[in-house]
Amino acid sequence: MSLDIDYYELLEVERTADEKTLKTAYRRLAMECHPDRNPGCDKSEAKFKAINEAYDVLKDPQKRAAYDRFGKAAFENGGMGNGGARGGAGFGDFSDIFESFFGDAFGGGRQRGPVRGADLRYDLEISLEDAFHGRATEIAIDVAAKCGDCDGTGAKPGTSTRGCNLCGGHGKVRAQQGFFVVERTCPTCHGRGEVIEDPCRKCSGEGRVDERQKIEVNIPPGVDEGTRIRIAGKGEAGPNGAPAGDLYIFMHIARHKVFERDGTTLFCRAPISFTKAALGGEIEIPGPDGSKHSVNIPEGIQSGKQLRVRGAGMPVLQGRGRGDLVIQIDVETPTRLTARQKELLCEFRETETGEECPQSRGFFDKVKEFWDDLTE
Ligand SMILES: [Zn+2]
Ligand SMILES: [Zn+2]
């Protein structure tokens, strides 16, 4: 317990902070280091208690004034908070602080609840096609699982555990430190509240063993990069038979050679000939599910123009319908023309510019006529 840290410093506020600032700072920090969010972390737990202690003093104007004048001495034995000064000096009864510190630890119940096992992450890459259809798959992970021999109790099968004498089964012990009562994890049972006299051989009393586990994963259609699939209870087993954490499958989608994806929209490029661009026509685009979409190319389409096929994109994750398929048109310039094609193109150019083209048939015919005249 960080009793020696200044309360204002603990709450990361100025000494002049008003009530609202205090409250906001307290809430933020309490959220951050709440034991439920940091299972098994002694540091967070100690900080959580310390900030509760700090806030309990600073939120009360009278306690705060005393703290500002005398520091923590105000609340220690021999300080103003002791004996007769209580009540009269306005320090009130501190039992409310202890209640908020220790929750129900001393309220009759044993502990706040068992510490869950840790959550685990597994990264899984699938193809775009699999993301489209969804699929069931099996993964294998090495995980600390509940020991089968002792059923997670840590006690050798046939034997049992007994309640810890030192802490009376609470898992925590209290010690007086100045005015404050400090709570510590019981050194005898390490917080379990019970003592194993004859530990299980398989897990050495841990209650869990490392195991390779096969886990079925049902990937729904429409998963995207970063989609998380939670599989409850498939994380690490909790200590001493406590519930397991969860397993989170982080989805990754492999790069596709044709399609790019943005949410439910799929993009692809379609190269078309310049004659199709000029005259119009039809092209066929294969979808990610193997179906074919016939797309109408309007006359005179420009390179870079996008055409949209509604409902031909990716399925909506856990929803209905599908996104769109967007096709970007790339007009291709021909590179290997035959002599005949060149001739035709030259003639076409003449119609555009009005200038005679040395490669067109008309020009050739004229040259031939000229030579014929000369040689006659
Ligand atoms: Zn065991
Ligand atoms: Zn104990």
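This section describes the overall make-up of the chain, its two zinc sites, the packing of helices 2, 3 and 4, and several individual residues. The structure is a predicted model, in which local features need pLDDT of at least 70 and side-chain atom pairs count only at pLDDT 80 or more, whereas totals for chains, interfaces and linings use all residues. Residues are numbered from 1 along each chain as its sequence is written, chains are lettered from A and ligands numbered from 1 in the order in which they are written, and side-chain values use heavy atoms, with hydrogens and water left out.

The chain contains 10 helices and 15 strands; helices (H or I, at least four residues) and strands (E, at least two) are DSSP runs, numbered from the N terminus. Of its 376 residues, 36% are buried. Here buried means under 20% relative accessible area, exposed means over 50%, and partly exposed lies in between, with a 1.4 Å probe and protein chains only. Contact means heavy atoms within 4.5 Å. Among contacts between residues at least 6 apart in sequence, 61% join residues at least 24 apart.

The zinc ion (ligand 1) is coordinated at 2.2 to 2.3 Å by the SG atoms of C147, C150, C200 and C203. Its donor residues follow the spacing C-x2-C-x49-C-x2-C in sequence. The 4 donor atoms subtend angles of 103 to 115 degrees, which makes the arrangement around the zinc ion (ligand 1) tetrahedral. Four donors count as tetrahedral if all angles lie between 85 and 135 degrees. Both C200 and C203 are buried.

The zinc ion (ligand 2) is coordinated by C164, C167, C186 and C189, through their SG atoms, at 2.2 to 2.3 Å. In this site the sequence spacing of the donor residues is C-x2-C-x18-C-x2-C. Angles of 103 to 117 degrees are subtended by the 4 donor atoms, and the arrangement around the zinc ion (ligand 2) is therefore tetrahedral. C186 and C189 are buried.

Helix 2 (residues 19-32) and helix 3 (residues 42-58) have axes that come within 10 Å and cross at roughly 165 degrees. Helix 2 is therefore roughly antiparallel to helix 3. Axes are lines fitted to C-alpha atoms, for helices over the stretch in contact, and angles run from 0 to 180 degrees between N-to-C directions. Angles under 35 degrees count as roughly parallel, over 145 as roughly antiparallel, 65 to 115 as roughly perpendicular and the rest as oblique. The crossing of helix 2 past helix 3 is left-handed, a term used if the near helix is turned anticlockwise from the far one by less than a right angle. In this pair, L22, K23, Y26, L29 and A30 of helix 2 meet K47, F48, I51, N52, Y55 and L58 of helix 3.

Helix 3 also packs against helix 4 (residues 61-70), at an angle of about 105 degrees and with the axes 6 Å apart. These two helices are therefore roughly perpendicular to each other. D56, V57 and L58 in helix 3 meet K63, R64 and Y67 in helix 4.

S44 is placed in helix 3 and is buried, with a relative accessible area of 12%. Apart from neighbours within four places in sequence, S44 is in contact with C33 and N38. G40, in the loop between helix 2 and helix 3, is exposed at a relative accessible area of 66%. The C-alpha atoms of G40 and P239 are separated by 9.8 Å, although the two residues are 199 residues apart along the chain. D68 belongs to helix 4 and counts as partly exposed, at 38% relative accessibility. Residues up to four places away in sequence not being counted, D68 touches Y8 and R15. The C-alpha atoms of D68 and Y7, 61 residues apart along the chain, are separated by 9.9 Å.

Most residues other than glycine have a negative phi. E12, which is not a glycine, has a positive phi near 55 degrees. E12 lies in the loop between helix 1 (7-10) and helix 2, and is partly exposed, with a relative accessible area of 49%. Q318, likewise not a glycine, has a positive phi of about 50 degrees. Q318 is found in the loop between strand 14 (306-309) and strand 15 (325-332), where Q318 is exposed, with a relative accessible area of 75%.

Definitions and conventions
Donors = N, O, S within 2.8 Å, 3.2 Å for Na, K, Ca; no water. Tetrahedral: all angles 85-135°; square planar, octahedral: opposite > 155°, others 65-115°.
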